[in-house]
Structures are given as C-alpha cells and as structure tokens.
Amino acid sequence: MVMLNYTLDEMNEVMHRKLKIEDYDRLSLKCGLDLDHGESALNFELTSDRVDVVSRYSLASIFASQLGINIKRHLLIGRKNPGVAVDYTSRRFVNVIYVNLDGNIRDKIDELIAIQERLDKNVGRNRRKAAIGLFDYSKISFPIKYHEVDSNQINFIPLEYQSSMDYASIMKELKQSKEYGNLSGKKPIVWSDKTGRILAMPPIINADSYSITKDTKELLIDITGTDKETVNAVTKILIYNLQFIGSVSLVKVNYTSKEIATKLSLETHSFHLTEEVVRSLLGTSVKKDSIRRILLSMDYTVIQSGKDLIVRPPFYRQDVMHQVDIIDDIMRNIGVDSIKDIVPHSYTEGGFLPNHYTLQNIREILVGFGYQEIDINALTNEKYQFDKTFINGQDYVSLLPLKSGEVTMVSKNLFPELLRLISNNLHKKFPQNIFSLSEVVEKGNSDVIFSNKTKLSVVSCQKDANVTDVLSIIKKVLADAFPLNDLSTDYIEEGFSKTFITGRAYTLYMNGKPVGFAGEIHPRALNAFGIELPTAIAEIYVDGL
Amino acid sequence: MEKENIIRMLNKTDKAVMTSLVNGEMFSTEIETNKALERSAVINSARKLLSLGLIRIDNITSTGVRLTALGKQYLTEGLPEYRVFNFIKKHGAVTYKQIFSGLSMDKNELNAAVGSLKKSSFITVEKDRVTINPDKEKEIVRKNSMLSAVEGGQSIDPEEISDLIKRGIVEQIESIREKLSITALGKEITKDREFAEEYLDKLSADNIKNWEGLRFREYSRNPEILNSLSGRSNIKTKFISFIKDAMVSMGFSEMHSNYVESSFWNFDVMMFRQDHPDRDIQDTVYLTAGGGKIPEGLLQRVKKVYERGFRRSKYDESIGYRKEFDGAKSSSLIMRGHTTATTFRYIYEFISKNKDKPAKFFSVDKGFRNETMDSTHLLELYQIEGIVYGDNLSVADLIGYIKQFYKRIGIEKIRLKPTYNPYTEPSLEIQAFSPKLKRWLEVGNSGVFRPETLEPFGITKNIIAWGFGMERMLNLKLEMSDIRDLYGAYTDIDLLRDISSAKIFSEF
C-alpha cells in the first residue's frame with residue numbers, strides 16, 4: 001500500500017477547483033481509494049496495482065477523469081542526444097531522461113524528491129531492482145559515461161557534504177551506504193563526465209556538485225537497475241509524473257553491448273472492446289460513446305472500428321493485462337452503485353462436508369457432560385507439544401523461524417494445547433472440563449507430504465479428575481456418534497511413559513484397532529504446566545471411525 | 001446490614017480468608033497456600049466478602065516479558081552490540097574493516113550495532129581506530145545478561161529493556177493478580193464474639209433427622225448469582241455453523257483441503273507475481289520441509305499464461321506478465337495463506353471436469369500468516385469464502401450474492417468499493433454500516449476471478465467469489481477489543497463460558 005498525504009489546498013491547486021473534503025471522500029470511495037482525513041489533511045491510501053500514482057498530479061488525474069477536468073500535462077515526448085554512454089556493469093540496465101521544467105523547480109522540489117523515494121521503494125524494491133538519480137542538467141559537461149571503476153579511483157564530494165571523500169569513507173560514513181551499500185557489485189559504478197569528474201555512484205549517492213537546487217531549470221535523470229522490466233516501468237512512471245511539471249525528452253543512450261539495451265518502448269498493446277464485452281462482465285449496459293468518453297478521460301487511446309473500440313492503455317499503466325482491467329476502469333468511472341444487482345437464480349444443491357453431522361453430534365454429547373469446547377490453534381511450539389508433556393516428538397511439521405518466537409511447529413496432539421490453555425487460566429473458575437474437536441497435521445499420503453486429521457481431545461481438570469470418568473465419556477461419544485460399542489483398553493506401551501501416571505494410561509481400541517489414548521497426567525507434566533489439580537485426558541482420531 | 005446478620009452469613013472459608021488478612025494485605029494465592037484452600041474457594045469467598053464490604057480487592061497488573069525468536073537467537077550468540085564490543089575489546093584497537101571482516105554477522109545488523117555503540121559512547125573512533133570505552137563494559141555486559149534474565153523468568157522493569165522491546169528482541173506480556181485487604185468493618189467483625197461461633201453450612205442426612213437446635217448459616221439477601229459452569233460449544237463453532245447454514249441454504253457445497261499447501265496452489269495458480277511481497281518469508285509461514293507434487297501439465301499451462309498470456313478471441317486476450325516464471329519456486333511447502341488455495345483445488349478437481357454444470361462452493365477454514373501477535377493480529381484466522389460458477393455471471397450477479405449472504409448473517413446495510421486483488425478483476429471491497437459505531441466498516445472482499453487464473457483449467461466462463469475473515473466480524477459482533485481473548489490456548493475461559501451467543505446472530 002502506498003500512502004500519499006497532501007493538504008486540501010495542495011490538491012485543489014492541481015485540480016483548479018475548490019473541492020471540499022466530502023467531495024474527496026465521495027470520489028475516493030467511487031474510485032477505490034482509501035481516504036483518512038483531518039480538518040484539512042488528506043491521507044490517501046492506494047492499492048498496489050496503481051504504482052504509477054506517485055505524485056499529487058497523477059493522484060489528481062484520477063479524480064479529474066471523474067469530474068471531466070483537464071489537468072495540464074506536456075504530452076509530447078522529445079528526443080535528446082547530449083552524449084551518454086553505458087558500459088556493462090553489475091547494475092546493467094540504464095535509462096536516462098531529460099526534463100525542461102516549467103520555470104524553475106522551487107516549490108516542487110519536495111514533491112520531486114518524494115516521487116523519487118516512492119518509486120525507489122515501491123517499484124524499485126528499495127533500489128534493488130531500480131533506482132533513480134537526479135542531476136542539474138546545466139552543471140554537467142557532456143559526454144558522460146556509466147561504468148565500473150576501481151574503488152581507489154573514487155573521490156568526490158557526496159551530496160550534502162562539504163569535502164571530498166574516498167570510497168572507504170563514503171561506504172563507512174554515509175547513511176545511504178548503510179542502506180544501499182550492499183546493492184553495488186564488487187566494483188563501484190560511477191557516472192563520470194568528459195573531464196573524468198564523478199557525477200554519481202549509483203545506486204548509493206550522487207556528487208554534491210551536480211545536485212538540484214531551487215534554481216534548477218533542467219533535469220537529467222538516470223534510472224539504473226538490475227531488472228530490465230523494472231527499470232523501464234520506473235522510467236515510464238517517472239516520465240508520466242514529470243509531464244505535469246515540465247516537458248520530458250528521452251535521452252539517447254549508447255550501450256556498449258546489445259544485451260544491456262533496455263529497449264524502452266512507450267507503445268502499449270491494443271485491446272478490442274465492444275458494448276457486449278463490457279456488459280457481459282459488469283452485468284449492466286454502457287453505451288459505446290460513454291465507453292469511449294470514459295476511456296479518453298482516463299488517458300486511453302481509443303479508435304472506433306465498426307462495433308469495436310480499439311483501446312490502447314496509457315504507456316505508464318503497469319496494471320492493464322486483459323480487457324477485464326479496462327472494464328474495471330469503466331466500472332470505477334460509472335460507479336459500482338450504478339450496477340443493479342441480480343438476485344441469485346441458478347439452482348445447485350448445497351451440502352456440508354461428510355463428517356459435519358458426526359462432529360456436531362460429538363459436540364452435543366460433550367456439552368451434555370458439561371464440557372466447554374475450545375478452538376485450538378494449529379500453530380504451536382515444541383515446548384508444549386513435546387517438552388512439557390514429555391513426549392518424544394517425531395514426524396511433525398516443523399516451520400522456518402517466524403516473527404513470533406512462540407510458534408515453531410504445527411500441532412500433532414490436541415491435549416498439550418488444552419493443558420496450555422488451563423495453565424493460562426489458573427486464576428479462572430474450576431473445574432475446567434474442556435474438549436476440542438480440531439484438525440492436526442500428520443505425515444500422510446498427499447501431494448503436500450502432510451495431511452490434516454480430525455481429532456477429539458477431552459481434558460478434565462478438577463479435584464476428582466480420573467481417567468475412568470473420561471473413558472466413560474469417550475465410550476458414550478463412540479456409542480452415540482458412530483455407533484461403536486466395543487471400546488477396549490490396554491496399558492499404553494510406548495511414547496507416553498513420562499506423560500501419564502504408570503498404570504493409569506491406556507491405548508484405546510475399537511474392533512481391535514487402536515483409535516487413541518487416555519490417561520492421568522503425571523505430576524511432572526502438571527508441574528511443567530503449573531497445573532495444581534489432577535488432570536485426566538483422552539485423545540482419539542475421529543476420521544478413521 | 002446488621003453486623004450479626006453478616007456474621008451469620010460467613011462460612012469457614014470466609015472466616016479463614018478474613019483472619020488471614022487481619023495482619024495485613026495478601027495475594028489470593030498466598031491465602032490459598034497458607035490456609036490450604038482451593039483456588040476456587042478463595043476466589044468465591046473473596047467475591048462474597050467484597051460484596052459484604054468486608055474486604056477490598058485490588059487487581060495488580062504486572063507486566064512480564066519474554067524473548068522473541070530473535071531474542072532466543074541472541075541469547076545463544078549474544079546481542080550484536082555485545083559481540084562487537086567484545087570483539088574490539090579482545091583486539092585492543094581495530095579498524096572498521098577489521099570489525100566487518102572479523103565478525104560473521106549480517107551486514108545490516110553489524111552496521112546498526114556499531115552505530116549504536118558509537119552513539120552511546122561505548123566505543124570511540126579516532127582516525128579510523130575503534131577502541132572500547134572500558135567504563136561502559138559493565139553496562140553492556142548487564143544489557144546482554146538481560147536476555148538470560150528474561151528467559152529465566154526474573155522480574156525486570158520493562159523500562160530497563162525498552163530498547164530490546166523496540167527492537168523486537170523481547171516482547172511484553174501482562175498478568176493480573178488479586179491483592180486482598182480487610183476493611184474497617186471486616187476487622188471489627190473478626191473481633192466480634194459471634195465470629196468464632198460455628199454455623200451449619202451443608203445439611204447431612206443426620207442433620208435433617210435431628211434438626212432441632214441447629215444454627216444454619218444464612219445467605220445474603222442478594223446472593224451473587226454466579227454464571228453456572230454449563231458445557232457449551234465454542235462461540236466460534238456457533239458462528240461457523242451460522243455461516244455454514246447460510247451458505248448451504250443458498251445452494252453452496254462445503255470444501256476442505258490440507259493446511260499444508262504448496263506455493264503453487266497458494267500463489268502461482270492465482271497469478272500472484274513471483275516477486276509479490278506476500279510470498280516473502282516475512283509474510284508467509286514456510287515449512288522446513290519442501291517438495292510438494294504439482295500436476296506437471298497444469299504447471300506448464302500456468303507458466304505459459306504468466307509469461308505470455310493467451311488469446312481466446314480478439315475480445316478476450318491477455319498479455320501476461322511478460323516475465324519469466326520460475327517453476328522451481330512452486331513446490332515449496334507453506335501453511336496456506338488463504339483458503340482460496342482450497343477453492344482452486346476444487347476448480348481443478350470439480351469445475352474444470354464438469355464445465356457444463358453450474359457449481360457453488362464454500363469453505364470456512366483456517367489461513368496462516370507470519371505475524372507478530374497483538375490485540376488485532378493473529379497468526380491463524382478462519383476465512384469464509386464462497387464461489388459461484390455458471391453461465392453469464394457478472395459483477396451484477398456478484399453483488400446479488402453478496403447482498404443475499406450478508407442479509408442471512410444479520411448484516412443489512414452494505415456498500416461496495418472498487419479495490420485491487422491479484423487474482424480478481426473487477427474486485428470489490430464489501431463495507432457494512434454499523435448502527436452501533438455509526439460508521440462504515442470493511443467486512444469482506446470479492447471479485448470476478450481473472451481470466452488468467454482460469455485459462456490453465458480451460459475455463460472460459462466467469463467465476464465470482466467473495467470472502468472475509470471470521471475473527472474480525474466476530475469481534476465486531478461481540479464488541480471485543482482484543483482478538484486474542486478467543487484465540488487457542490490464549491482463550492480466556494471465563495469469557496468464553498459467559499459470552500452471549502445472541503450477539504452473533506444480530507447486527508453489529
């Protein structure tokens with residue numbers, strides 16, 4: 001999400017209208033922007049598709065197309081060839097543009113820097129894929145060259161510094177080097193002029209001598225990066241946004257090899273549209289003339305050809321891939337409110353998952369026994385699943401480190417999570433008789449190696465808790481929900497020797513097939529959870545029954 | 001109330017609690033230990049004594065702290081600044097270059113550590129030579145030892161480790177303890193002769209036969225009517241059932257798939273750009289294991305559409321992303337980020353194999369995110385999702401389904417706002433007007449699946465879809481401020497037991 005914050009006056013100045021906050025509120029809702037506002041501050045939040053909207057001019061253009069306002073923009077893109085050469089480097093893709101500003105830059109300098117920062121961050125991915133450099137054109141002695149040099153050749157006054165610095169000092173002392181130093185390759189890359197003086201060391205820092213000031217009237221801008229598409233996208237967006245404050249020319253770049261040529265093109269794909277194509281997606285009719293008018297107001301090129309409209313998106317739009325994207329723009333212009341809803345009419349038979357009623361029944365039985373249902377998390381920690389329950393963990397889903405140190409794996413058993421819940425609720429009312437009917441993840445025969453399994457866990461924590469009472473509940477559940485009446489037990493053999501009190505822990509069988517286990521938690525595990533009352537548990541697989 | 005009447009209401013536990021407090025205030029837990037009483041008995045008694053004006057209860061909130069994943073890493077390695085300080089100390093005076101080459105640490109981490117040491121004068125830089133300030137050694141050792149203190153559960157003033165909290169090395173947790181103290185009336189009553197008298201609490205069979213002469217303990221005029229501990233199904237289950245019923249009654253069939261998912265089904269098939277930030281490890285929960293199996297033909301078709309788009313007719317063509325698709329990323333395993341992964345599995349298994357039949361599917365299931373948990377963010381959330389496949393479906397149909405569904409779950413007034421989703425176009429955010437809060441709130445997202453997402457399945461008709469996060473809507477309905485109170489092991493069991501189910505069926 002990109003945030004654009006302006007005052008009401010700043011926006012109205014570009015719009016050439018005295019709009020009120022409520023007007024911007026209404027327009028934002030219609031166009032799909034989020035707007036937070038104070039008394040005169042407007043904070044717009046843009047969705048990530050409209051990467052081209054990085055200034056108040058391009059932002060205002062969205063609203064202008066709604067209101068039929070024309071915002072002045074230098075549409076003609078010139079060509080210039082002052083002498084720019086680019087060598088093969090570790091950041092090998094380079095575009096250069098020239099801007100002849102309307103007057104000098106004065107009050108627009110902050111906006112220009114903001115455009116640069118937004119593009120560097122959001123499209124250039126923090127200058128990794130593409131970065132922008134700004135120069136005062138009049139201060140440069142052409143021809144200039146983009147090339148790698150030995151670090152001992154670096155010596156210039158970095159932007160906003162007073163004295164010359166060598167490579168080591170620049171890398172050590174500049175905050176930009178700390179942020180972007182790791183983006184340059186083994187050898188530093190520089191722009192140097194015909195006298196060999198260094199203009200900049202992209203993507204880290206420019207030289208102070210060529211920096212823009214309030215009196216700058218002409219700009220030279222370089223867009224350098226590692227990803228050709230991103231460098232071209234940033235260039236196009238930049239051209240568009242700068243067309244509102246000056247006339248832009250593409251600077252001819254002499255690439256030393258073909259493979260680094262960016263082949264920047266401002267042409268876009270032609271899409272065919274008809275009234276019917278629009279109607280079939282929106283479910284409402286929009287006349288061809290209206291479609292044409294709307295798209296022209298949004299800077300599309302539209303040519304009529306019989307019943308077809310041949311539509312070309314503006315060169316700076318990165319988000320138009322299919323007709324549906326153009327129709328989405330039409331929808332935003334006419335307003336979603338103008339689409340009348342169609343009441344659902346096609347018949348299909350609805351249905352729950354096959355185990356729906358079984359699970360519902362199990363819940364009902366346990367609630368009847370006075371048990372509270374708990375919704376257990378799938379994400380947990382070995383500390384609870386294995387350490388505190390003294391279980392030897394194996395065949396479980398282990399996760400790469402997460403932001404929350406509390407989560408390292410996916411639940412394999414439910415009862416450790418229920419014990420954990422009790423340990424978090426020690427000051428709450430007892431008895432705490434609880435159950436969970438949830439999915440755990442186990443190794444299984446699936447295309448993702450693991451499969452979900454539905455389990456039921458019942459935990460009784462109270463002064464008289466014992467495993468036989470819990471078993472009687474399980475017996476009732478199995479008899480009623482499945483119905484299965486031959487629950488049998490045997491002492492549990494492996495895996496839980498330290499979890500339960502010996503002689504009070506069982507493997508549960510149905511028709512001779514193991515379906516789960518039950519037992520009274522050993523004091524060593526209760527102590528690990530800080531639980532001070534006897535606790536008995538049972539856990540069974542529901543899927544296999 | 002008369003003193004005598006009060007005394008006649010006190011049971012043994014009440015008296016034990018009061019005598020414990022005669023010599024000064026105590027935590028309820030201390031009384032439990034000293035008097036060998038059960039926790040529930042002390043808690044119930046304290047509530048009663050409070051209502052009789054015999055004691056006061058103060059909730060003492062204490063802030064605890066624990067290490068985050070990063071904190072645990074530093075516990076083993078040492079804080080970055082501590083490691084740098086020690087490195088310089090070991091070598092006497094060093095250059096920056098020596099620090100950077102001598103310590104195997106992340107560059108950004110190292111930069112930040114050096115910067116912070118310099119800023120706080122732990123180190124001095126003179127002519128490229130960095131030395132430690134020996135006066136500061138104790139301070140840095142102490143700072144580093146805070147990690148083991150936190151891990152060991154020692155009580156630490158959060159102020160002292162505010163820097164570690166800010167840096168995400170330590171996180172704060174809160175706990176509440178009840179401190180009880182006796183009032184003047186309470187004290188007076190303990191001194192009364194009657195206080196030592198025994199009153200009968202429970203009737204035995206013998207008492208019933210020989211009742212004459214017995215003195216029964218009296219109950220208060222307005223006894224505290226406790227919430228009885230009935231069994232209940234979880235409020236989330238009730239809400240889920242409410243939603244499922246609405247969906248099934250609208251002709252939708254329920255879907256289900258595994259929590260573990262491949263990047264292919266979670267991202268690629270939905271045409272998420274391969275450099276989309278949601279795919280980063282910072283946002284997605286990745287497994288240590290990998291190697292999901294992907295249907296090869298489908299993978300190739302997705303790759304083709306991603307790279308070059310398609311042309312079904314001049315009115316239905318896509319130019320794709322015009323970027324290379326790296327199939328190697330597709331098999332990595334994750335905890336699914338959204339249930340749309342399930343939806344696409346059903347599109348593959350059912351819709352693409354029965355293209356002539358209309359279909360409606362829904363799911364209410366979990367999605368997982370790599371988040372730092374707080375009052376508004378969780379790592380796993382229930383998502384509700386509904387899709388409709390059929391002839392001539394449009395945005396107008398989508399709006400029709402949305403209106404019908406939300407009405408069925410008690411939300412009448414909705415409006416729609418265009419938005420952006422990677423896999424739907426147009427996309428519409430669903431907003432509902434809250435009569436209580438008197439403002440519009442986001443309650444869902446929707447759209448028409450992009451043709452690029454359906455092309456690999458050979459589907460040319462539109463699929464419309466909508467969905468929302470259940471916890472957010474549940475919180476709005478229940479007027480809860482902390483989303484964690486009903487979250488897994490963090491659930492407040494008393495809240496869960498007492499919360500009114502009626503709220504989930506009404507408007508918010």
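Two strands pair if DSSP finds at least two bridges between them. That rule sets up the first stop in this predicted model. In chain A, strand 1 and strand 3 (residues 41–46) pair in the antiparallel sense, over 6 bridges. One bridge can be picked out by residue: M3(A) has E45(A) in strand 3 of chain A as its partner.

The pair belongs to a sheet. Chain A has an open sheet of 3 strands in the order 1-3-2, with antiparallel pairing. Its edges are strand 1 (2–7) and strand 2 (34–37) of chain A, each of which pairs on one side only. On average, neighbouring strands of this sheet are turned by 20° against each other, direction ignored. Strands of a sheet pair through backbone hydrogen bonds, either parallel or antiparallel.

Stay in chain A for a side-chain link. R56(A) and E13(A) form a salt bridge, with the closest N and O atoms 3.5 Å apart. This pair links distant parts of the chain. R56(A) lies in helix 3 (residues 56–67) of chain A, E13(A) in helix 1 (residues 8–15) of chain A, and 43 residues separate them. Over all chains, the structure holds 66 salt bridges.

Further along chain A comes a hairpin. Strand 18 (residues 301–305) and strand 19 (residues 308–312) of chain A run antiparallel and are joined by 5 bridges. V302(A) stands opposite V311(A) in strand 19 of chain A. The hairpin formed by strand 18 and strand 19 of chain A has 2 residues between the strands. G306(A) sits in the turn, with a positive phi of about 65°.

Now move to chain B. Here an open sheet of 7 strands has the order 6-12-13-17-16-15-14, and its pairing is mixed. Strand 6 (253–254) and strand 14 (414–421) of chain B are the edge strands, each pairing on one side only. Inside the sheet order, strand 13 (residues 380–389) and strand 17 (residues 463–469) of chain B run antiparallel, with 7 bridges joining them. I387(B) has A465(B), in strand 17 of chain B, as its bridge partner. Helix 16 (residues 340–351) of chain B packs on the sheet. Helix 16 of chain B touches strand 6, strand 12 (359–368), strand 13, strand 16 (439–449) and strand 17 of chain B. Its direction makes about 35° with that of strand 13 of chain B.

The chain B sheet also meets chain A. Helix 2 (residues 21–31) of chain A lies across strand 14 and strand 15 (424–434) of chain B. This helix of chain A runs at about 60° to strand 14 of chain B.

What of the interface as a whole? In total, 103 residues of chain A are in contact with 116 residues of chain B. The size of an interface is often given as the accessible area lost when the parts come together. Chain A and chain B bury about 9,400 Å² between them, with 55% of it on carbon and sulfur atoms. M321(A), K403(A) and K429(A) supply 8% of the area that chain A buries against chain B, more than any other three residues.

Polar links cross the interface too. Between chain A and chain B the count is 12 salt bridges. One salt bridge joins R125(A) and D275(B), whose closest N and O atoms are 3.7 Å apart. By class, the side of chain A that touches chain B has 41 nonpolar, 32 polar and 30 charged residues.

Conventions. Residues are numbered from 1 along each chain as its sequence is written. Chains are lettered from A and ligands numbered from 1 in the order in which they are written. This is a predicted model: local features need pLDDT of at least 70, side-chain atom pairs count only at pLDDT 80 or more; totals for chains, interfaces and linings use all residues. Side-chain values use heavy atoms; hydrogens and water are left out. Contact means heavy atoms within 4.5 Å. Buried area is the accessible area (1.4 Å probe) that two parts lose on being put together, summed over both. A salt bridge is a side-chain nitrogen of Lys or Arg within 4 Å of a carboxyl oxygen of Asp or Glu. Ala, Val, Leu, Ile, Met, Phe, Trp, Tyr, Cys and Pro count as nonpolar, Asp, Glu, Lys and Arg as charged, and the others, Gly among them, as polar. Helices (H or I, at least four residues) and strands (E, at least two) are DSSP runs, numbered from the N terminus. Axes are lines fitted to C-alpha atoms, for helices over the stretch in contact, and angles run from 0 to 180 degrees between N-to-C directions.
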